[in-house]
Amino acid sequence: MPIAESKLPLTSKTEPRSDFSRLIRRLHIDGPLLGGLVLICGFGLFILYSAVGESNKLLMNQAVRLSIAFVAMLVAAQMPPDFLRRWTPWGYGAGIVLLVLVLITGEVGQGARRWLNLGVRFQPSEAMKLGVPMMAAWYLHDRQMPPRLGQLLIIAVMIVVPTILIARQPDLGTSLLIAASGIIVIILAGMSLRLIIGMGILAIPGAMVLWTVMKDYQKQRVLTLLNPDTDPLGAGYNIIQSKIAIGSGGLFGKGWTNGSQAHLEFLPERDTDFIFAVLGEEFGLFGVLTLLALYMFVIGRGLYMAVNAHDTYSRLLAGSISLTFLVYVFVNTAMVTGLIPVVGVPLPLVSFGGTSMVTLMAGFGILMSIHSQRKLLPH
Amino acid sequence: MDLLSPIKDHHSERRLFVSRVLVSSLIALLLLMLVVARLVQLQVFDHALFAEKAQGNRVRIEPVAPIRGLIFDRQGRVIAENLPAYHLELIPEQVDDIDDTLHRLAALSLIEKTDIARIKELSLSGQRFRPLTLKFRLTEEEIANFAIQRPRFPGVDFQPRLVRHYPNGEAVAHAVGYVGALSSDDLKRLDSARYAGTSHTGKTGVESYFESDLHGVAGYRHLITNARGRQVPGDTSELLDSLPMDERPAPGSNVYLSIDLDLQVLATRLLEGRRGALVALDPQTGEILAFVSAPSFDPNLFAVGMSTAQYGALQNNPDVPLFNRALRGSYPPGSTIKPMLALAALETGATNLTRKTFCTGYFMLPDSTHRYRDWKPEGHGPVDLHDAIEQSCDVYFYEVSQSIGIDNMHDYLDRFGLGRQTGVDFGGERPGLVPSREWKRTSFRNPDDQRWYHGETVIASIGQGYMLATPLQLATATAALAMRGKTYRPHIVAAIEDALSGTRSLTTRERMPDIEISNSLHWDTVIGAMHDVMQGPRGTARAVGYGAAYEMAGKSGTAQVVSIAQDEEYDEEELQERQRDHALFISFAPLDKPRIAVAVVVENGSSGSRVAAPIAKAIMDKYLGYGDDANR
């Protein structure tokens, strides 16, 4: 009785009233999530304008990238979860091939081989930020949860292969984030807590092995974190100046574009990795907490969508995207405030730079697709 | 769907997932709380500490050099000023290829090829954003030349700076001195805080002696600087608000000299092509009216900076233009001391006003055949004290010297200030020398040399032998003669003026102990004889004083540079120029109320009365208003 069904009051209650709301729903866009993202990006542009030395040109540059990122979100939102799931192994496989190609023929920039030029220049590692959790979720989709040890080992291979390929570029920050996004999937899938704790213990000798294979500059970053004052003009300079910037901001900051640390070039990488310090200096604790609250809202909304997803793949992917976003926020803010080593992770949606923003927004597009195109629960 | 796999239990799966999400969210919240706690620690508890660090980061205190005081002559004409000049400067960090840039500048002859290595080294040391001066004080032509080429030289430009300028440099060089770039030795001597922003300091003369007055007090200003220590250009007004107040520099005091620029210029012209010196004093006050040493040099070279070649030329010039002859030149005074010795002879009773000596052209000590010759080989015939001064008879003084004795001679000459520093108000003067038995005993090692010989008294009586005097001392002694024993310490600074308030503190004349002469007739005789030297019928310099519109007095001196063997004929022509006698002349005018006393020394000038006296006369003419200019 399709006619009778359409007259049910239940549907009219959830049916959007205004034209705008109808358009949003038809485009599979989630209003609250979009609102949160727009607020973060808007605030971000505001901070960035100050951080790039009030340059309109650079601000426009960033605005264009943001627009592209929102388009990517819109496109991703139109892809049904089933479609994404079917194509996941192919996409993942292509991503691995591209990562190998990067190591062979990639373009070198700033001492690392990260870019691939196939008509358009892009970083395959960025695509893998979505590719790895998608692949892990795909593998677990049909299987009984919680996953068994053998299954976990297969997923571990799926995670480790791209992680190592990216670490070889070298891009330690991205490789760790990609590994994290994969690990989040298996934790959310219900991997036994004993195993998690056991792996945590194994991580100690693992870290020791890692130390021996780390490059000197990477070791230096760790050592500097432990005692930044030993090398105030060298590697510790960034952290010292960043702490001065944030600390001198106080409760309400020095005011927009009035940060002396940022504007007098004391603060390095102020428009990219250290833009959080600019925010702290100019808007104080008040501004910093505002941005963190916006992030929390977006993450919370993402987790709400994950909990309400209707199949394993969607659920795991949505959860991983949301929590990986949190990892980004935590790693960057903890690094800028001197809690963890400088690992070169930008502040999501705020730092200057385009590639990671497109990936992030595509991820949020997938979240929206999962939420708006969910099937009825099979009973 | 894989039918072989166990049936998925969606409900328990979802429950598991939700519990994992909840745990993850909790962990996430904990992590974010960790960051928030850190932010509270930094921004609330440690805020004061970091705020101070941020302030210290960006504020740099930069010293601001004071403007150096000006120097004027007695009529308020500028002797030393500060002029804006354009220097060619290079900012190392803005130059891509330092070698190429310097070589191209050398090709335009804006710098010298030999300096390239030195400039390059300088550009590599020190802060890369601090400008480096390549060439001081560009000429108009060089400015125009470079202006066209400027686009080809990024990082090189000309900048205006205040530079010390001496408009009549050569004429005043030895009196005023000069400023030069601060050296590391200067910085050891001076208070580095006061000189933090200063580039030049007084090196000699008034510029050096009155440095503390001329320099002023440095101020400072607070600069907003970026991480590289460079001042932040453009609008930083909102950052400037919280800065402490700047301290403005206090300009140095202006110094008014007692010298007269006209006299300086005239004396410099009269001594042109000569080596020598002229000092003129106001006998009533001790003020120095003219102070010239020839040859001179251009003090602007030191203020602006000169090339190695230019400095080498000054250093290696055989006429030593940098040597201050007026202050440090020690010359045998020759017959110029005769008026003073005449007073000594009268006071000690070695002679009287009427006693006559018959001058045969030479003098012999008892028990000796050595002939002490008069300058006039045939002799002056019978001469009394007046005649002996007027005609400068040596024999009369040879004879009288034996009665006065060297120690009395020393005593009286010392009263006139010879043999000791005058205490003039700029440093570096030589004390000259008036010998005595005591001096000889303490100055020589060999016991034979420590004895005083009668023959040494004889030659001392005509200002030869050991005796030495500076032109400044001769002028001071002349002023004492003119004032009949009233003496004042010579000084060159007449007043010091606070540059801001304009209040002047005048230098008061400093009276020195009088020269006590028992009988004023002795003064009358000696001064009368000096008058006749210039305006008497038989005066040695009567040709100079003849027909003058005012009364003057003087005494010539011709001092031997090389001793002449006993029977050798004195032949001026054959002597090398540098072996000729020094020509000296002292004089003062007007006779009754002296206003100027002059001492002139012309090295190897042969004749005091013919060469030195006209110079002294011209200076007196000019000062008293009888000069060429005044008559016109």
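How many helices and strands are there in chain B? Chain B has 26 helices and 22 strands, where helices (H or I, at least four residues) and strands (E, at least two) are DSSP runs numbered from the N terminus. This is a predicted model, in which local features need pLDDT of at least 70 and side-chain atom pairs count only at pLDDT 80 or more, while totals for chains, interfaces and linings use all residues. Residues are numbered from 1 along each chain as its sequence is written, and chains are lettered from A and ligands numbered from 1 in the order in which they are written.

**The two chains**

- Chain A comes to 16 helices and 3 strands.
- Of the 379 residues in chain A, 49% are buried; a residue is buried if 20 or more other C-beta atoms lie within 10 Å of its own, exposed if 12 or fewer, and partly exposed in between, with C-beta atoms placed from the backbone.
- In chain B, buried residues make up 43% of the 632 residues.
- For chain B, residues 24 or more positions apart account for 74% of the contacts with a separation of 6 or more.

**Where the chains meet**

- 42 residues of chain B are in contact with 45 residues of chain A.
- Helix H1 (10-45), helix H2 (47-58) and helix H10 (237-240) of chain B each supply at least two residues of the side that touches chain A.
- H1(B) gives the most to that side, with 21 residues.
- By class, this side of chain B has 24 nonpolar, 9 polar and 9 charged residues; Ala, Val, Leu, Ile, Met, Phe, Trp, Tyr, Cys and Pro count as nonpolar, Asp, Glu, Lys and Arg as charged, and the others, Gly among them, as polar.

**Nonpolar cores**

- A nonpolar core is a set of buried Ala, Val, Leu, Ile, Met, Phe, Trp, Tyr and Cys residues joined through C-beta atoms within 7 Å.
- The largest has 129 residues, and B:Leu278, B:Val279, B:Ala280, B:Val598 and B:Ile619 touch the most other members.
- Helix H25 (residues 608-624) of chain B supplies the largest share of this core, 9 residues.
- This core lies between domain 1 (62-223 + 240-257) and domain 2 (262-631) of chain B, because both give residues to it; the domain bounds come from an automatic or database domain assignment.
- Another core, of 115 residues, lies apart from it and includes A:Ala69, A:Leu264, A:Phe283 and A:Leu303.
- Leaving aside neighbours within four places in sequence, the contacts of B:Val279 include B:Ile288, B:Phe291, B:Pro471 and B:Ala599.

**A covered strand and a helix that packs on it**

- In strand S20 (residues 553-559) of chain B, 7 of 7 residues are buried.
- One face of S20(B) holds B:Ala553, B:Lys555, B:Gly557 and B:Ala559, the other B:Gly554, B:Ser556 and B:Thr558, and all are buried.
- S20(B) runs antiparallel to strand S21 (residues 582-589) of chain B, joined by 7 bridges; strands pair if DSSP finds at least two bridges between them.
- Within that pairing, B:Gly557 has B:Leu584 as its bridge partner.
- The buried residues of helix H23 (520-535) of chain B include B:Val526, B:Ile527 and B:His531.
- Among the elements that the buried residues of H23(B) pack against are S20, S21 and helix H22 (471-482) of chain B.

**One residue to look up**

- B:His222 sits in strand S8 (residues 219-224) of chain B.
- B:His222 counts as partly exposed because it has 17 C-beta neighbours inside 10 Å.

Notes
Two residues are in contact if their C-beta atoms, placed from the backbone, lie within 7 Å. The expected span of a helix is 1.5 Å times one less than its number of residues.
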